[in-house]
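Biologist: Before we look at anything together, could you take me through how to read a model like this one, feature by feature?

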Number of protein chains: 4
Amino acid sequence: MGKSKDYDAELLTLQTQLVESQAWTIQQGRKTLIVFEGRDAAGKDGAIKRITEYASPRQTRVVALPKPTDRELTQWYFQRYVAHLPADGETVLFNRSWYNRAGVESVMGFCKPEQTAQFLKDAPRFERTLVDDGVKLIKIWLDISKEEQSRRLAERLQDPLKRFKVSALDAEAQIRWDAYSVARDRMLAETDSRSAPWIVVATDDKKTARLNVIRHILHMIGGPGSQCRPDADVAFHPSRAKGRFAP
Amino acid sequence: MGKSKDYDAELLTLQTQLVESQAWTIQQGRKTLIVFEGRDAAGKDGAIKRITEYASPRQTRVVALPKPTDRELTQWYFQRYVAHLPADGETVLFNRSWYNRAGVESVMGFCKPEQTAQFLKDAPRFERTLVDDGVKLIKIWLDISKEEQSRRLAERLQDPLKRFKVSALDAEAQIRWDAYSVARDRMLAETDSRSAPWIVVATDDKKTARLNVIRHILHMIGGPGSQCRPDADVAFHPSRAKGRFAP
Amino acid sequence: MGKSKDYDAELLTLQTQLVESQAWTIQQGRKTLIVFEGRDAAGKDGAIKRITEYASPRQTRVVALPKPTDRELTQWYFQRYVAHLPADGETVLFNRSWYNRAGVESVMGFCKPEQTAQFLKDAPRFERTLVDDGVKLIKIWLDISKEEQSRRLAERLQDPLKRFKVSALDAEAQIRWDAYSVARDRMLAETDSRSAPWIVVATDDKKTARLNVIRHILHMIGGPGSQCRPDADVAFHPSRAKGRFAP
Amino acid sequence: MGKSKDYDAELLTLQTQLVESQAWTIQQGRKTLIVFEGRDAAGKDGAIKRITEYASPRQTRVVALPKPTDRELTQWYFQRYVAHLPADGETVLFNRSWYNRAGVESVMGFCKPEQTAQFLKDAPRFERTLVDDGVKLIKIWLDISKEEQSRRLAERLQDPLKRFKVSALDAEAQIRWDAYSVARDRMLAETDSRSAPWIVVATDDKKTARLNVIRHILHMIGGPGSQCRPDADVAFHPSRAKGRFAP
């Protein structure tokens, strides 16, 4: 309980800093794009909810694209995401992103292996043009363990309020756990770059994860709040993740 | 405290019914459009937040349009709203809507009196074509008192977390209180219709207001949960509002 | 040949007037929407081509919507058309339009009879809101005879350059000729209005039809060129069309 | 006259081949993007008109974007173009394109030199991701001489039918002729690539230019008509253009 109270207080402090930080990005006309990736139930929705709770409604958008239409499937792969990129002063949060092609599409066989390979080459090129254009691109991998995922997925099935969180693919998340691990490792290795680096955040403890995600964002944005640093035990660069990924 | 606990419990019960109700609208392929109107600080954001908290992300959209661009200003007035109308199975919540033309635009002089007069004639015609097309259109006026609005607007100025809620127009809300009352009365009188009726919900007690808004929505949607009825003391048809509007 | 030379000269004269007329609508900030309807091969493409040949590229759009996507089919019927309405100073030409629901969709059974009936009630309501908003709405029915249509459809099949004009539905145009006549009569009767009247233009003689379509447009727009009048033998109001429709 | 007759016949032959070629791209589901660049009055509109005259209306789009809105100016530079990229089976023709940043924007000072430099680095990266994704990208520079441009611009001013072709920037085209030449040379040098090569087509003789543009397109698309080759005197790769650019 004491711990929970601490969490509430620290969350409010960080959210207050997010408000100041966003006021600064608006005033400076900076573009911010935050990409959330991670396995099912890793806590993407919950993290995004806390980040956007007090954000400026006009300058903030959360983008969770539905599966592509038949027409979109035949367009340039990045096209449907490009339509939602931030303009000056805007903050856009992608709840899953173009990295679907390296994750679920690859593991579930929704695209061909060549398409994944091509994507892994194109993504850094594409992101580079965004960063060159002034987009601050923050890529976050929420890393959950197999046991915790299992627990959360089971919990959802019981809770009538979480009915819309349950997906036909949930079962696959556990069955194909190892394939997803391989896909994650490859994705992080091939698409981490100096201009658009990944951060890995351990998420079995949801609350600690959320605080550290916000700290990382505040640091990366570089305005007021930039002195924040995520806790090195919880948030780390993929190159230092060896042996630290949730089993 | 006991009251607050009751509220939390009742809210969860109603939110659970909303989940069932939405599952039904999705399965039936019904289109739902909920329009939220009301003065500044009447509680639109808060009500919408509770309604959408457990809603299906793919079938729910909250639409809060920014002020129109120069080009939009020269288009058909309803055009930019039409782009966001629900498709089958979708629920769309408008946080403010085309009724801006009868409210803020009229009171602040952002449009000509003839445009407001024209709008008040066109809105029922336009809404009629939506309803004929199968859209369930639910229009909610959140009614706040002058004192409560004053209190909430002052509170915002103090709270760094509410920084993005503060608007340059806030002061006008109190100064032009009576003009807004006249505009409201005229709007409710001229755009209430059998196929797209308004409901007025007293909102000085936020929590009670939220519960009754949800009850009204459940009732109007007509699926599971349709047996719900808002409390007649808090939610009423404009024709029975005489003398009951918040002073 | 002399006649053809006369046509070329008169066409250039009228096109020059269209240029002046459009310069005037741009300067005045007027919105113009021209709806072209008529059976297959009635000459819609050809007429639109001559009207737009020298038009301002920035202020002119030709809209020929493909068949609706699965999602569009479940939206408000007028929604996908609304996205293309003219802004101030713009001229939009619809090559087929929402009237599909009264024509091909009805005759071919692509919609239910109730939907056509509903559409015929909604279209005037919807158009009224456009006209009230300042859109000059010009609705043109190109009227071809059964023999001439048969001749043109056969010609297309021979001409490799007209390959993309040939449609799977072409054969139905002749087979269901009478059903199309009934649908046309009903549509013209129920959707002709003072604020958005139809004109019928006999089109068996393509060149004469084109000249008269342009004259009618110039007259309706009401700027320089408004003194033009289409030839009463070729272009007439539906109410005077009895017995004059192409057999 | 005999020459003009030859032109008409050859144009029809090539247009017939375009129809076959497009039928093939549609059937194969190939994406085609043709970028037209060149100085004012170089003949872009006229070439595009002949190419699209008999094209499939549903699978062909001509894109001539207006100057960017205030919001677009603050988005990712390529974003507003991406919205118009071809899907499978589609052919898109860009009448001017993202290369504005290397041409008119640079010469007229509408962007900063750093932005042009950045663009010249990003364009090949961006185009590479399109080509990797299966887009056939054909880039055509129409090369006109100073005298011929002067003649055509003067002619426009006389012709009431060309009123909408006249632009406030026309005069600058002659005044800044040399700056435009420098910009062209740099652009062709830095953005020519194996996967998305430029072709230069001499355009002082409009008719010859049009025929050769079509031949090049037919060749590049690679279906029926791929045996066509443009005339080496009129159409050449930038690397062989030294001393052959129109003075």
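This is a predicted model: local features need pLDDT of at least 70, side-chain atom pairs count only at pLDDT 80 or more; totals for chains, interfaces and linings use all residues.

Modeller: Residues are numbered from 1 along each chain as its sequence is written, with chains lettered from A and ligands numbered from 1 in the order in which they are written.

Biologist: How many helices and strands does chain A have?

Modeller: Helices (H or I, at least four residues) and strands (E, at least two) are DSSP runs, numbered from the N terminus; chain A has ten helices and six strands.

Biologist: Which helix of chain A gives the most to the side that touches chain D?

Modeller: Two residues are in contact if their C-beta atoms, placed from the backbone, lie within 7 Å. The contact takes 22 residues from each of chain A and chain D, and H6(A) gives the most to the chain A side, with eight residues.

Biologist: Where does H6(D) bend?

Modeller: A bend is the angle between axes fitted to the seven residues ending at a residue and the seven starting there; H6(D) bends by about 30° at Asp122(D), and Pro124(D), a proline, follows within four residues.

Biologist: Which residues of H6(D) are buried?

Modeller: A residue is buried if 20 or more other C-beta atoms, placed from the backbone, lie within 10 Å of its own. In H6(D) the buried residues include Phe119(D), Asp122(D) and Phe126(D), and their cover includes H6 of chain A.

Methods: A residue is buried if 20 or more other C-beta atoms lie within 10 Å of its own, exposed if 12 or fewer, and partly exposed in between; C-beta atoms are placed from the backbone.
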